[in-house]
Amino acid sequence: MEKDRRLMIYCLLLAAICIPVFTGEWKANVVKELKALVTSCVVVPCSFTHPGPNLPTSKLRGIWHQSNNRGDLIYDEDETSISENFRGRTKLLGHLGQKNCTLEMSKIKDHDNGPFCFRIELAQRTVTSDPEKFSFLEDCVEFKMLPDPPKPKLHHLKTAYQGRPYTVTCSVKHTCPYDPPKLTWSRATADVPNVVHKETHLGNWEVESILTIIPEEKDDHTDITCTANFNGPKTSSAMLTLYVKRSKNYNHIIIPTVVAIGTAVIFAVFCVLMVKRYKRQIAALQRGDGSVWNRLSRMSRRIRSDGPGPSRSDQRRSTWSRFLRRPKADIVDMSHIPKNLNSKYCDYQKVSKPRFPSPKSQPKSYNHQEEDFDGGDVYENSADLSTYGNI
């Protein structure tokens, strides 16, 4: 009696654990469509849910099969049960105990288009009982075959500036995250290009390479190529033409402006110095021998004296003009002579006005004419006559 009671309690506990598992709803989440490159690989994200607590991986069995034939397996733990066409090319990446049923298929062939569906089986309760199977025929994946790899896309500015960093981003999409394509550049740089690998949306990934260069003038109209190397091997590339704009240089404006300003400053300083110099000279002349005009008149007379000489009429006029300018003191004063002098002295009285020889009788001298008359014979003769008149 006690033994039957214990067996009943054990059955109730087992029923409490198993009833939610077998009576609940099982669901799978699988990507509906993926692009698969022939000769490359593809990863199919997959997850599932089930009621009740988590089950250990050892009690679960994941299977992938053709949608139209459940017996045509593309993946199973027992490789002997896998179809020969897929044997050695598929593997389960996720852990079933973590509700992850992700599938990887390598060396894609052009007829591996699917659809492919996932099925999960529970471990047998007894040796004779059949395992519980849950197929997700409504959540299958289909491949869109790509005979040629996708081309990379380049993101960059239209114009590069000389001496400034210039960045080019090369990106390409793929469905094989565990062996992504490798991006290479046609231009070598000192710095290794930065590579970023990210998932854009479920089942699709993108690898991105960032190249930074400092263009020079010689790089104008040169090409930069980004090449994507896929499994297979297959490659694709994208190219851009680099347009380098020279950095702004204002030397053609600055240099002429500086030269013009410098020339103007030098000329202005020179003019100021010359004006000061002539002002000093004029002031020195004014402080010296009379006014400036006297100096200039003397200079002009000196220049004329060095010329061909005055004419005869000019000489005569100059002589008499000098005689007329003679001081009045040179005239002989006869008033002190007594009136009762003899008439013989009258002859001498008449000689109060000295006579001078005619200019015609003088020897011709054209040079230094004025110097000969300055304080020369005229005044000496007048002095003699005055002495003679006193006698």
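This is a predicted model: local features need pLDDT of at least 70, side-chain atom pairs count only at pLDDT 80 or more; totals for chains, interfaces and linings use all residues.
**The chain overall**

The chain has 391 residues, and 28% of them are buried. Its secondary structure comes to 7 helices and 19 strands. If you take the contacts with a separation of 6 or more, 64% of them are between residues 24 or more positions apart.

**Aromatic rings**

Searching the whole structure turns up 6 aromatic pairs. Two of them are set out here.

| Pair | Centre to centre | Angle between planes | Type |
|---|---|---|---|
| W64 and F118 | 5.6 Å | 50 degrees | tilted |
| F116 and F143 | 5.6 Å | 55 degrees | tilted |

Take W64 and F118 to begin with. W64 sits in strand β5 (residues 60-66) and F118 in strand β9 (residues 116-122), so to speak a link between distant parts of the chain, 54 residues apart. Both W64 and F118 are buried. They also belong to one aromatic cluster, together with F48 and F136.

Now for the other pair. F116 is in strand β9 and F143 is in strand β10 (residues 133-146), so their pairing ties together parts that lie 27 residues apart in sequence. F116 and F143 are both buried too.

**A three-strand sheet**

Next comes an open sheet of 3 strands, ordered β14-β17-β18 and paired antiparallel. On average, neighbouring strands here are turned by 20 degrees against each other, ignoring direction. Zooming in on one pairing, β14 and β17 (residues 222-230) run antiparallel and are joined by 4 bridges. Across from K182 you'll find N229 in β17.

**A closer look at T175**

Is T175 buried or exposed? With a relative accessible area of 7%, T175 is buried, because the cut-off for that is under 20%. Its side chain reaches the backbone oxygen of K35 at 2.9 Å. Leaving aside residues up to four places away in sequence, T175 touches K35, A36, C41, V42, V43, G203, N204 and W205.

Notes:
Residues are numbered from 1 along each chain as its sequence is written. Side-chain values use heavy atoms; hydrogens and water are left out. Two strands pair if DSSP finds at least two bridges between them. Helices (H or I, at least four residues) and strands (E, at least two) are DSSP runs, numbered from the N terminus. Axes are lines fitted to C-alpha atoms, for helices over the stretch in contact, and angles run from 0 to 180 degrees between N-to-C directions. Buried means under 20% relative accessible area, exposed over 50%, partly exposed in between (1.4 Å probe, protein chains only). A polar contact is a pair of N or O atoms within 3.5 Å; within protein, one must be able to donate a hydrogen and the other to accept it, and residues adjacent in sequence count only if both atoms are side-chain atoms. Contact means heavy atoms within 4.5 Å. Rings of Phe, Tyr and Trp (its six-membered ring) pair if their centres lie within 6.5 Å; planes under 30 degrees apart count as stacked, over 60 as edge-to-face and the rest as tilted.
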